[in-house]
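I'd like to walk you through one structure, so please have the sequence and the 3D view open.

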Amino acid sequence: MDKITTIQSRFVPMPIENIDTDQIIPARFLKATTRDGFGKNLFRDWRYSNDDESQPKVDFVLNHKIYSGEILVAGKNFGCGSSREHAAWAIKDYGFKVVISSFFADIFKNNALNNGLLPITVSDMFLQQLFQLSPADTLTVSLEAQTVCIDKSGQKESFEINSYKKTCLLHGYDDIDYLINMRAAIEQFEQKVA
């Protein structure tokens, strides 16, 4: 996985509440077993009028060139619905590294963290401030400091994250990589108790 430390980027606003995993990546695209290629179908039914991509819906945010960046800002209760790891895969494969919302479904949040995607929970008030920013505005996310900053105003909000998952994201570890990194300490412990 890629390391996440500090990300300064423009963002894509999606002020829609209760976005479920079937809207993030429709079930008909879940046939692959590798993580690659899911970004193409991110929010597929919201992005296109048909399955051949010839008719993008002009009113959907991902179809507007003025919106870009590595941060997705979404409405409350993001990732609800079925337990679908592919939702995190699709968001990451599209190019997002961070998703900000005021509430995440627990299973989605864990899937995101396990796949190198940082879900950040902010207050409803801060989320609404983000939605009021212009497409040119940038945010700075510091995983080390656990803050999200609106660059033009300097306003910050802190966020919580499990310390183990924070370590994994900072170093680009999945669970296996973390254990491999601890190998010397594990071997030393084994020798001590043997």
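Let's begin with helix H5: its buried residues pack against S1, S2, S3, S5, S6 and S7. Before I go further, a quick reminder that this is a predicted model. So which residues of H5 are buried? They are Phe 126, Leu 127, Leu 130 and Phe 131. If you look down the axis of H5, these buried residues fall within an arc of 145 degrees, so they line one face of the helix. The helix itself covers residues 124–131 and lies across strands S1, S2, S3, S5, S6 and S7. Relative to S2, H5 runs at about 115 degrees.

How many strands form the open sheet, and in what order? There are 7, arranged as S4-S3-S2-S1-S5-S6-S7, with mixed pairing. At the edges sit S4, residues 118–121, and S7, residues 156–158, each of which pairs on one side only. On average, neighbouring strands in this sheet are turned by 30 degrees against each other, ignoring direction.

Let me take you through some of the pairings. S1, residues 6–14, runs parallel to S2, and 4 bridges join the two. With S5, S1 pairs in the antiparallel sense over 5 bridges. Here Ser 9 has Leu 139 in S5 as its bridge partner. Moving along to S6, residues 147–150, we find antiparallel pairing with S7 over 3 bridges. In that pair, Thr 147 stands opposite Ser 158 in S7.

Is Ser 142 buried or exposed? Its relative accessibility is 14%, and the cut-off for buried is under 20%, so Ser 142 counts as buried. Setting aside residues up to four places away in sequence, Ser 142 touches Thr 5, Thr 6, Thr 147 and Phe 159.

Next, a pair of helices. As a general point, two packed helices are described by the angle between their axes and the distance between the axes. For H3, residues 85–94, and H4, residues 106–114, the axes come within 8 Å and cross at roughly 50 degrees. That angle makes H3 oblique to H4. The crossing of H3 past H4 is right-handed. Which residues meet there? From H3 we have Glu 85, Ala 87, Ala 88 and Ile 91, and they meet Phe 108, Asn 111 and Ala 112 of H4.

My last stop is Arg 44, which belongs to helix H2, residues 44–47. Would you call this arginine buried or exposed? At 4% relative accessibility, Arg 44 counts as buried. Leaving out neighbours within four places in sequence, Arg 44 is in contact with Gln 23, Pro 26, Arg 28, Phe 29, Asn 50, Asp 51, Asp 52 and Glu 53. Take Phe 29 from that list: Phe 29 and Arg 44 are 15 residues apart along the chain, and their C-alpha atoms are separated by 9.4 Å.

To recap, we have seen an open sheet of 7 strands, H5 lying across S1, S2, S3, S5, S6 and S7, the H3 and H4 crossing at roughly 50 degrees, and a buried Arg 44.

Notes. Residues are numbered from 1 along each chain as its sequence is written. This is a predicted model: local features need pLDDT of at least 70, side-chain atom pairs count only at pLDDT 80 or more; totals for chains, interfaces and linings use all residues. Side-chain values use heavy atoms; hydrogens and water are left out. Two strands pair if DSSP finds at least two bridges between them. Axes are lines fitted to C-alpha atoms, for helices over the stretch in contact, and angles run from 0 to 180 degrees between N-to-C directions. Contact means heavy atoms within 4.5 Å. Buried means under 20% relative accessible area, exposed over 50%, partly exposed in between (1.4 Å probe, protein chains only). The arc is that of the directions from the helix axis to the C-beta atoms. Angles under 35 degrees count as roughly parallel, over 145 as roughly antiparallel, 65 to 115 as roughly perpendicular and the rest as oblique. A crossing is left-handed if the near helix is turned anticlockwise from the far one by less than a right angle, and right-handed if clockwise.
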